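Trainee: I am new to this structure and would like to go through it by question and answer.
Mentor: Go ahead.

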Amino acid sequence: MIQMCDVPRYKDVDMEEIKKMQAAHVLLNKVEYEPKQIKKGYTDKLLTIDVTDASIKISDIPAEVKEKFVGGKGYCLRYLWDATNPNTKWDSPENEIVMSSGPIAGITQYAGTGKMLVATISPLTGIPIDSNVGGFFGPYLKFSGFDALELKGQAEEDVIIVIDGNKGTIEIDKAPLEHLDAHLIGEELTAMYADDENDRKHVAVVCAGSAADHCDLSMLNFTFYDPRRGTVRLKQAGRGGIGRVFRHKKVKAIVCKYQGIKNDLNHVHDISIINKTGVKYHREMATQDPKQNNMRKIGTANTMKILNDYDILPTHNFKFGGTPNIHEMEPKVFIEQWLTQGAADGCWYGCSMACAKAADHFKLKTGPYAGNCVVVDGPEYETAAGVGPNCGITTPQVILEINFYCDTYGIDTISWGTTVAFLMECYENGILNKERTGGLELNFGNCDAALELLHLTAKNEGFGKIAGMGTHKQKEYFAQQGWGDMKFMNDIAMEQKGLEYSEYGSKESLAQQGGYGLTNKGPQHDEAWLIFMDQVNNQIPTFDDKAEALYYYPRFRTWFGLVGLCKLPWNDVVPENNSLTDEPAKVPEHVDNYLDLFYGVTGRRIDREELLVMSERVYNFQRIFNIRLGKGLRKHDAIPYRSVGPVTEEEYLSRQERYDGQLVEKVGYTKEQVEQMSLQEKMAATRTYREGEYEKLINAVYPKRGWTMNGVPKIEHLKKIGMDLPELIEIVEPLQNVEP
Amino acid sequence: MMLNDRPYPDWHEGLTIQGVIEHMNFTWPKLVTKVNGQLVWPEDYPNVVLAENDDLKIHHLLAGG
C-alpha cells in the first residue's frame, strides 16, 4: 500500500521556460477594480469578459435575479439566457460560458463547499449543459469579488485571462507559448503567477486540453495546487463539451489568484451555526465513513464491485450488468496497489470527506508523455466504469492511463467511455471494420486500440476524428455512409438529446430510465439516481411512487448546484441513526444541516419545502430554455432501447430466466405460452411491454411536475412557484394545448 | 416470506437475516433492515431467525453519484 508519507515530491517546472512564456505575452487589456467584500455569501457582482474586443465589465446582480435564481446554476442559466437567442448555436459568438459558485461556496467549516457550476450551450446537445466542478477556482473567484463570470465572444489568437483578487486587477493577454494539455498548462500558469512556491496554493487555473480544439466531448479542467506533492491536481467540469466552447473562443486559460483564506471570508450571518453543524458532520465522517463507503480511502469508485454484484455495472456498451473479471479492478486492488493512502485529499479546504484520490508517480506507457511519471486524479466511479468494463477493460493500469490522458487532453471520461463502447459494439457487428477504423481492431477489451484511439482523437487524426464527434453524430455519419442500420444504431447508441449516458445500467429500473430520460441536460445521473430504491429495495413500486421520486429528487439535487455544494457529503456517509428516520433515503438530518448552513450564511431561514421550490424555479427555467432552443418536449425525452431492455439475442439469453419470468409475472402470458414462443417473439413482447411502461411513467411524471402531456410547463404551475416571468410565458403559452 | 414486498422463494427453517443477505449477495454495507416493521441492527442479522410469514425489508441506502 502506498502511503502519502512515502510519496516523493514531483519535479518542479523549469522557471526559465516559464519566464520565456510570460515574456511572450501581449497585454490586450487590463483594468483595476475595488474587490467588493462578500456579505452573507454574496458579492452581488457579475464579471463579463468579451474576448472579441478584450473588454472587461463589472456590473451589479439585481436583487430579483438573486431572489429567483439564488446563485450557481441559477445564475449561469439566467445570464446564458439573457446573452443568447433562439438561434444561438454552440459556436455562435454570443454563446457564453457562465460560471458561478453560490452563496455557501467557500465556507471551510463543512464538507463539500467548494463547488462551482459551469453552463454553456453544448456542441453535443444544442441546449444548455451544466456541469459542477471542485477545485479552488470557484471560491477564489467569489473572494476576488464576483458571484459569477460570463465569458463571451471569440478572440483572434489564444488568450489567457488573469484575475488577481488581492491586487484588484483583471487582464487579458495574448499567450502563444503555453502548452494546451492540462497537466502542463496547469503547472505553467500556477508557477507563473505565484510569487514563490508557498504562493502556488493561491493560484487556480481553468483550462481545457489539446483535444478541445476539435473534439466535441471536451471538458474544462480546474486546478488546485497540492503542496504536499508539489504538483497541480485536476478536477473536471466534464459534461457536454464545455471545453470545446472554451477553445472555440480561443481562450487558453483563466487564472484566479487569491491569498488570505480564513474561516469567514463569506461574512456570514451567524458563524456559530455553521461551526456547530460542521463539527457535528466531521465527527460523523470520522466514525461512519470507515463502516460505510470508505470515501476517504478510495473515493467514489468504492461502488465498482457493488454495482457489479447488483447487475448494474455497465459492461460491453451497457449490454450486461457486470463482468466476471471484476476482481481485477475491485476497490481493494486500487487501495492496495494504486491509490495513495493517508492523504487528506480534499478539493477544497475543510472537506473531511476528502475523496479526491490520486495515483502517484504513475508511469505512462503510451502517447506523447510515455515514460513520464505523473499524478493521476481518480479514477472516479464513472471513469473507471465507463472506460473500463463498459469497453471490456478491467486492467487498472490501462484505466488509469486512459483517465490521465482524457484529463490532460480535456476529454470527458464519461462521454469517452460511452462513445468508445458504442464504437466497439459497432465494430463487433460489422458496422465498422479495420478498413473503416484505419486499422484499429476495436473489439471489446482491446486496451491498445482504446488507447490509440484516444491519442488519435487528441491529435484529430484518422478515426480519432470520428470518435471525437460523439455518439449522436457518429450514428448519423455511419448511416449516411451506408455502414449500418439506423434503427439498430438508435437502439444501441447510449445517448439522448445528444449527450452520452453516464455509467449505470438502467434496464431493470423503470424509475432510473426516467431518471436518465426525463432530465433537462440529457442522461446524467445527477438529477435522480433511483436504481436501488426501485430495482433492489422495491420502495417505489407504483407509477405514482416513481413519479413522486422523479419529482422530489431532481428538485432536491438541483439545490446543491444553486448554492455551491457537493452532493457527495449528503448521502455517501449518513448519520449512525439514519435508519431510524421516516425516510432514510433522503437523509433527513443532512437536509436539516443544509437548511442551517443556508441560514447561517445568508440569514434567510427556509424550510424543506422552500428549498425544493427554489430549485423548482430554476428547473422549470431550464426546461423552457430547452424549448426555446428547439428541444424540451416529450419527443426529446425518448430513450434508446438499450437503456430499457435487451436489444440483442445475446442480451436476452444472458438473462433469459429473468425475462421469461417477467413475461409471465408482468406481461400476463402463461408459462406454457412463453415456452412455446420463439426467442424473437419473446424479445418483441418484452420490448412492447417495456416501452409501454416508459410511456406510462412519463404520463405519471409530467402532471406531477406541473407540465402538459407534451412536457411543457403549465402557466398555472409557473405562477404557483413564482416563475411566471414574461419571457418564459412567451415561450410556453403557444404550447399549452399542443398534444404530443 | 416476503422480501421487499416480493415473494422470497428460498425460505427454509432456520433462515436468518444474514442468510438472506448472503443468498441475495447483498454486498452494500449501508442496509436498513426491518422484520414486520421492527428495525433490526446489523449485529443481530445472524441471530434473527425468519418465520415463513415474515415481512422482511432490506433497504439499501445508496443514492448515486
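**Contact between the chains**

Trainee: How many residues does the contact take from chain A, and how many from chain B?
Mentor: The model is a predicted one. Both chains contribute to the contact, and the counts are 21 residues from chain A and 17 residues from chain B.

Trainee: Which helices of chain A each supply at least two residues of the side that touches chain B?
Mentor: By class, that side of chain A has 10 nonpolar, eight polar and three charged residues. The helices that each supply at least two of its residues are H9 (304-309), H11 (381-387) and H19 (531-536).

**The seven-stranded sheet of chain A**

Trainee: Which strands of the open sheet of seven strands are the edge strands?
Mentor: The order in the sheet is S1-S9-S8-S13-S10-S11-S12 (chain A), with mixed pairing. From one strand to the next the twist averages 20°. An edge strand here pairs on one side only, and this applies to S1 (26-32) and S12 (231-237) of chain A.

Trainee: In S13(A), what is the bridge partner of Ile161(A)?
Mentor: Strand S8 (residues 159-164) and strand S13 (residues 251-257) of chain A run parallel and are joined by six bridges. The partner of Ile161(A) in S13(A) is Ile254(A).

Trainee: At about what angle to S10(A) does helix H5 run?
Mentor: Helix H5 (residues 182-193) of chain A lies across S8, S10 (203-207), S11 (220-226), S12 and S13 of chain A. Relative to S10(A), the angle of H5 is about 145°.

Trainee: Why is strand S5 of chain A said to be largely enclosed by the rest of the structure?
Mentor: Met116(A), Val118(A) and Thr120(A) point one way from S5(A), while Leu117(A), Ala119(A) and Ile121(A) point the other way. Both sets are buried. S5 (residues 116-121) of chain A is therefore largely enclosed, the number of buried residues being six of the six.

Trainee: Which residue of S6(A) stands opposite Ile121(A)?
Mentor: S5(A) pairs in the antiparallel sense with S6 (residues 128-133) of chain A over six bridges. S4 (residues 97-100) of chain A also runs antiparallel to S5(A), joined by three bridges, and there Ser100(A) has Leu117(A) as its bridge partner. In S6(A), the residue opposite Ile121(A) is Pro128(A).

Trainee: In the hairpin of S5(A) and S6(A), which residue takes a positive phi?
Mentor: There are six residues between the two strands of this hairpin. The phi in question is near 75°, and the residue is Gly126(A).

**A helix pair in chain A**

Trainee: Is the crossing of H18(A) and H20(A) left-handed or right-handed?
Mentor: The axes of H18 (residues 510-517) and H20 (residues 543-563) of chain A come within 10 Å and cross at roughly 35°. The crossing is right-handed.

Trainee: Which residues of H20(A) make the contact with H18(A)?
Mentor: The residues of this contact divide into four nonpolar, two polar and one charged. H18(A) brings Leu510(A), Ala511(A), Gly514(A) and Gly515(A). From H20(A) come Lys546(A), Ala549(A) and Leu550(A).

**Chain B**

Trainee: In what order do the elements of chain B run from the N terminus on?
Mentor: Chain B has one helix and five strands. Their order is β-β-α-β-β-β.

Trainee: What is the radius of gyration of chain B?
Mentor: The C-alpha trace of chain B spans about 40 × 25 × 20 Å along its principal axes. A compact globule with 65 residues would have a radius of gyration near 11 Å, so chain B agrees with that, at 11 Å.

How values were computed:
Residues numbered from 1 in each chain as written. Chains lettered and ligands numbered in written order. Predicted model: local features only at pLDDT ≥ 70, side-chain atom pairs only at ≥ 80, totals over all residues. Contact = placed C-beta atoms within 7 Å. Helix = DSSP H or I, 4+ residues; strand = E, 2+ residues; numbered from the N terminus. Nonpolar A, V, L, I, M, F, W, Y, C, P; charged D, E, K, R; others polar. Pairing = 2+ DSSP bridges. Axes fitted to C-alpha atoms, helices over the stretch in contact; angles between N-to-C directions. Buried ≥ 20, exposed ≤ 12 C-beta atoms within 10 Å, placed from the backbone. Rg over C-alpha atoms; globule rule 2.2 N^0.38 Å. Left-handed = near helix turned anticlockwise from the far one by under 90°.
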